[in-house]
Amino acid sequence: MPHPKRRHSRSRRNKRRSHDRLRLPALSICPSCPELIRPHVVCPHCGYYKGRRVIEVKELG
């Protein structure tokens, strides 16, 4: 296994790690109910996708 000949600077290390951060998920508002949902996914609150009901949602309680 090759070993580095010189130590990498903090700046170079941090440039490499600049893409490792956590990102917030992309959210959009459901057109059927005012809940935040992930895009291109069936709404878990009302069961609608692209303007039509896809799944039946059970009421909690």
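The protein chain contains one helix and four strands, where helices (H or I, at least four residues) and strands (E, at least two) are DSSP runs numbered from the N terminus. Read from the N terminus, the order of the elements is α-β-β-β-β. With a radius of gyration of 22 Å, well over the 10 Å that the globule rule gives for 61 residues, the protein chain is more spread out than a compact globule. That radius is taken over C-alpha atoms, and the globule rule is 2.2 Å times the number of residues to the power 0.38.

This is a predicted model, in which local features need pLDDT of at least 70 and side-chain atom pairs count only at pLDDT 80 or more, while totals for chains, interfaces and linings use all residues. Residues are numbered from 1 along each chain as its sequence is written, and side-chain values use heavy atoms, with hydrogens and water left out.

**Overall dimensions and surface**

The C-alpha trace spans about 60 × 25 × 25 Å along its principal axes. Of the 61 residues, 10% are buried (under 20% relative accessible area; exposed is over 50% and partly exposed in between, with a 1.4 Å probe and protein chains only). The accessible surface of the protein chain is about 6,500 Å², and carbon and sulfur atoms account for 54% of that area; the areas come from the Shrake-Rupley method with a 1.4 Å probe, and for residues only the protein chains shown count as cover.

Contacts (heavy atoms within 4.5 Å) between residues at least 6 apart in sequence include 0% that join residues at least 24 apart.

There are 16 positive and 4 negative side chains, and the centres of the two sets are 27 Å apart. Lys and Arg count as positive and Asp and Glu as negative, without His and the chain ends; each charge is placed at NZ of Lys, CZ of Arg, CG of Asp or CD of Glu.

**The nonpolar core**

Cys30, Cys33, Ile37, Cys43 and Cys46 form the largest nonpolar core, a core being a set of buried Ala, Val, Leu, Ile, Met, Phe, Trp, Tyr and Cys residues joined through side-chain atoms within 4.5 Å. Beyond its neighbours within four places in sequence, Cys43 is in contact with Cys30, Cys33, Ile37 and Tyr48.

Arg6 lies in the segment before α1, and Arg10 is in helix α1, residues 10–16. Arg6 counts as exposed at 68% relative accessibility, as does Arg10 at 62%.

| Residue pair | Sequence separation | C-alpha distance |
|---|---|---|
| Arg6 and Pro44 | 38 residues | 53 Å |
| Arg10 and Cys46 | 36 residues | 49 Å |
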